[in-house]
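Trainee: Could you walk me through this structure, step by step?

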Amino acid sequence: MRLKPAAFLPELLRHIFKKPATVQYPFEKLSVPGDFRGTPVLKPELCIVCRSCVRDCPAFAIEITELSAEEKRYRMIIHNDRCVHCAQCAESCPTKAITMNNEFEIATDSRLKLKTEYIYTRPKKATQQSTEK
Amino acid sequence: MKRIKIPVGPQHPALKEPISLRMTIEGEVIKDADIRLGYNHRGIEKLAESKTYIQNLYLTERICGICSHSHTTCFAQGVEALLGLEVPKRGLYLRTLVAELERIHSHLLWFGIAAHEAGFDSLFMYTWRDREVVMDILEIISGNRVHYAINTIGGVRRDLDNSQKGRILEGIEFLKKRTGYYTNLGTTEPTFVARTAGIGLLPKEKAISLCAVGPTLRASGVPSDVRKDDPYAAYSELPFDVCTADTCDVLARVVVRVKELIESYKMIEFIIKNLPSGDVKVKAPRRIKEGEVVSRYEAPRGENIHYIKSNGTDKPERLKVRAPTLGNYPATIEMLKNGYVADIPLIFAAIDPCICCAERFVEITDSRGYRNIITMNEIKRRYPSRHINKDYIWPL
């Protein structure tokens, strides 16, 4: 093939009059797609405490502790500082109690601020359903 | 002339990741080279033994940031082979679609880096701008730009809808035009050709005997590609050619990768137009019976091999990863020999090195050959402040 000196010049000149390709980020934001894997959020009224999210989480970011056995009260902590945002918890959940939201600007000055705690009672109806299965 | 040894790395402006290249030079000519690894070891294989197969999918994904899909697919294929699972056709096609999109993104990234090392920074910025198109497509499909997490054992996790298909075809159409322009530019721009032609020679016989893999091997005129030789996923049904070049230098590696980009566009258009209907995954059991398997995959950088040994539990007994960059190191030494010191970054970048991919096992020995193993007690003795200070919060 024949070599052409300054083959790049026309492209270069054309770009002088173009708008920048980048977005001025903090002032101007791009939207994320609908099923973006952001921060995991729990809907406590749906959780049946099957612990499949705890079992499958590759980053050990979900913790469930029993507060009282008679009242069926539980505490779930989602450690968003350990979370790798793979959405396996949302997929493993049989009742779709965990979903991923669209939040991606989660930087803070302390990792303790990224912890979310949920204290809830296991719903009665859901337990019946799970025992029936 | 007197021979002297110079170190390049582990921390060096020419290298993107830590690796030590020890050059023996005579004047300005490299006479011998030695590569030392182990600056980026993370203990992933050992960690994999303590995690379940589902968790390991996300761990293997993090072996590499650029070819993340290669490692999960290779791992998932191996586990499916152990289970004897039949993955639905639609799942295999979607897996292949993401694999080819990843190849485009990896090759465009590499093309930019090669241009940067050759001193052509405008081309570097243009290719990286165009790479954003394919990154956005991957984000639309999988929900993330880098770690797609699309694979699961028994298929893929997400399906495609028509609007996504339209966006993919639109993006591919734009990239096709740009790649045509780059092909033209890479082969006709005199400064770029002069910088890359005749540098880092790897003759065909040497490439075969030193077990080079991927585009590095194909640039030496050997038509070897796992996608053709041992088809996995949906590759046996896709129309594509194995791209080779005969000049055996850095320019040949550029040409092979640009040709592969064009083949990938063809494959993606075929997949979108001929996507079979049906399920995307089948349910997989958690426990896997005893057995061992070797899984092969053609990553953007070359052949990727995973060896998995299962022992009847839900965790693997052993996972061994042979990343393509490791296969290319012996050939790199051959390429560097009789070259100039100024060509080191270009030659090393031409194999598309991913150093953290290739860092698997480290054994520290001193010059007399003694093993130097540091025990936990020794660490506590050496770093007493954290051990003694009970109030110290470990970052976990």
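Mentor: Gladly! Two residues are in contact if their C-beta atoms, placed from the backbone, lie within 7 Å. This is a predicted model, in which local features need pLDDT of at least 70, side-chain atom pairs count only at pLDDT 80 or more, and totals for chains, interfaces and linings use all residues. Residues are numbered from 1 along each chain as its sequence is written, while chains are lettered from A and ligands numbered from 1 in the order in which they are written.

Trainee: What radius of gyration does chain A have?

Mentor: This radius is taken over C-alpha atoms, and the globule rule is 2.2 Å times the number of residues to the power 0.38. The C-alpha trace of chain A spans about 80 × 35 × 20 Å along its principal axes. For a compact globule of 133 residues the radius would be near 14 Å, but chain A has 24 Å.

Trainee: In what order do the three strands of the open sheet in chain A lie?

Mentor: Helices (H or I, at least four residues) and strands (E, at least two) are DSSP runs, numbered from the N terminus, and two strands pair if DSSP finds at least two bridges between them. The edge strands are E2 (62-68) and E5 (115-121) of chain A, each pairing on one side only. E2(A) and E3 (residues 73-79) of chain A pair in the antiparallel sense over six bridges. The order in chain A is E2-E3-E5.

Trainee: Which residue in E3(A) stands opposite Glu66(A)?

Mentor: Strands of a sheet pair through backbone hydrogen bonds, either parallel or antiparallel. Here the pairing of E2(A) with E3(A) is antiparallel. Opposite Glu66(A) stands Tyr74(A).

Trainee: How many of the 29 residues of H4(B) are buried?

Mentor: A residue is buried if 20 or more other C-beta atoms lie within 10 Å of its own, exposed if 12 or fewer, and partly exposed in between, with C-beta atoms placed from the backbone. H4(B) is largely enclosed by the rest of the structure, because its buried residues number 26 of the 29.

Trainee: How many residues does the contact take from chain B?

Mentor: Helices H2 (53-61), H5 (121-142), H6 (162-188) and H7 (190-196) of chain B each give two or more residues to the side that touches chain A. Chain A contributes 20 residues to the contact, and chain B contributes 19.
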